Amino acid sequence: MDSYIGYLAAKWFQKQARRLGQQLPGIRQGEDMECVHRARVACRRLRAGLGLFGDWPSAKRHRRWEGELRRLGRKLGQARDKDVQLSFLVDHFSQAPSLEVRVGLSGLILWRQTEREAAYRKASKAVARFQNSGLLKQIRSQSGRTLRQAQIPEEELLYYPLWEEAGEKIQMLTQQMSSYAPSLRQIQEQACHHALRIVAKKLRYSLEILASLFGPEIQPTVQSLENFQTLMGQLHDCQVWLLELARFEKDRFLRTVRKQWKKAGLGSGWTVRAFRAAIRWLQQDRQKAQKNLLQEADRFWQQKLQEEITDRLADLVQTALLRPGKLRVLPGRPVAIG
């Protein structure tokens, strides 16, 4: 691997490993729900780096890092989902149209709090296991060693070419986005919506990693992808809620919630009816939100993002690929790559 590619990899891994390490103590202490969110994002960014730098630092370490990060990210994701859903229920409580719906929402909040506590216990155990694995120390050590060996001035990176494998990765992701985008006009294509969200995220992270090679011209594309990703994330949360609410309608679930309700000393003879009323109200709310978000995401794709990634990004990638493999002579310091 060329030294400048290793430098980019090490720079990215060092930064994201530091961010991940800063959040792990807070997760184990349960101090701030945002610690889970930030740690999960750092895991995703580290995995995006593994996807882009396939042979760095080595095949063996690559496989180990990928496995450990995927395992940790899965548990963090489960805890984050419970945080998001609990916050949603609390925020919607004041909007409930009747006392009966508020009683039902109270039962759902109580149940979700119980599940959140269990998810956080699992996340805490996953964090402890991850810390004991020594993976972060290994990433930092490998990154630091690579950065010391490469010693490439930051301002010179813009004059290095984009390597072919990275260009092919970006092209593949843009093609996948284009193939999934028509699903935004089909409300039942939830699997494609989810796939589109994931691909957009991978493309955005890849461009962020390569920003030093593209320069400031890449920022509008990154920002558009971030905006689209936010929309698709809201849509995904909405669709997960609709799946959950369908499960909530089952008698087995209602009996479980009612037991928790009574255990808390809040039981009454009409709680099941209240739960059903709350579920129906939430379903109507989320169905309306899903329709609006799909329309907004499709409009954003048609009016902004499609042209951004199929035309403008393609031109930037082509220019970077064709860039000569020698550095421009900077004032006062002639530099060249062999």
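**Helices, rings and backbone**

Tutor: The protein chain has 11 helices and zero strands, where helices (H or I, at least four residues) and strands (E, at least two) are DSSP runs numbered from the N terminus. This is a predicted model, in which local features need pLDDT of at least 70 and side-chain atom pairs count only at pLDDT 80 or more, while totals for chains, interfaces and linings use all residues. Residues are numbered from 1 along each chain as its sequence is written, and side-chain values use heavy atoms, with hydrogens and water left out.

Student: What percentage of the residues of the protein chain count as buried?
Tutor: Buried means under 20% relative accessible area, exposed over 50% and partly exposed in between, with a 1.4 Å probe and protein chains only. The C-alpha trace spans about 85 × 45 × 30 Å along its principal axes. Of the 338 residues of the protein chain, the buried share is 49%.

Student: How many aromatic pairs does a search of the whole structure find?
Tutor: Rings of Phe, Tyr and Trp (its six-membered ring) pair if their centres lie within 6.5 Å, and planes under 30 degrees apart count as stacked, over 60 as edge-to-face and the rest as tilted. With that criterion, the number of aromatic pairs found in the whole structure is 11.

Student: Are the rings of phenylalanine 228 and phenylalanine 300 stacked or edge-to-face?
Tutor: The pair links distant parts of the chain, with phenylalanine 228 in helix H9 (residues 219-248) and phenylalanine 300 in helix H11 (residues 271-321), 72 residues apart. Phenylalanine 228 counts as buried because its relative accessibility is 0%. The ring centres lie 6.3 Å apart and the planes are at 20 degrees, so the pair is stacked.

Student: What is the angle between the planes of tryptophan 241 and phenylalanine 248?
Tutor: Both tryptophan 241 and phenylalanine 248 are buried. Their rings form an edge-to-face pair, 6.2 Å centre to centre, and the angle between the planes is 80 degrees.

Student: How are the axes of H3 and H4 directed, roughly parallel or roughly antiparallel?
Tutor: Axes are lines fitted to C-alpha atoms, for helices over the stretch in contact, and angles run from 0 to 180 degrees between N-to-C directions. The axes of helix H3 (residues 59-93) and helix H4 (residues 99-133) come within 8 Å and cross at roughly 160 degrees. Angles under 35 degrees count as roughly parallel, over 145 as roughly antiparallel, 65 to 115 as roughly perpendicular and the rest as oblique. The crossing angle therefore makes H3 and H4 roughly antiparallel.

Student: What separates the C-alpha atoms of glycine 167 and valine 317?
Tutor: Glycine 167 lies in helix H6 (residues 164-180), and it counts as buried because its relative accessibility is 6%. Although glycine 167 and valine 317 are 150 residues apart along the chain, their C-alpha atoms are separated by 6.4 Å.

Student: Which residue has a positive phi although it is not a glycine?
Tutor: Most residues other than glycine have a negative phi. The residue in question is found in the loop between helix H5 (135-150) and H6, and its relative accessibility is 64%, so it counts as exposed. With a positive phi of about 50 degrees, the residue is glutamine 151.
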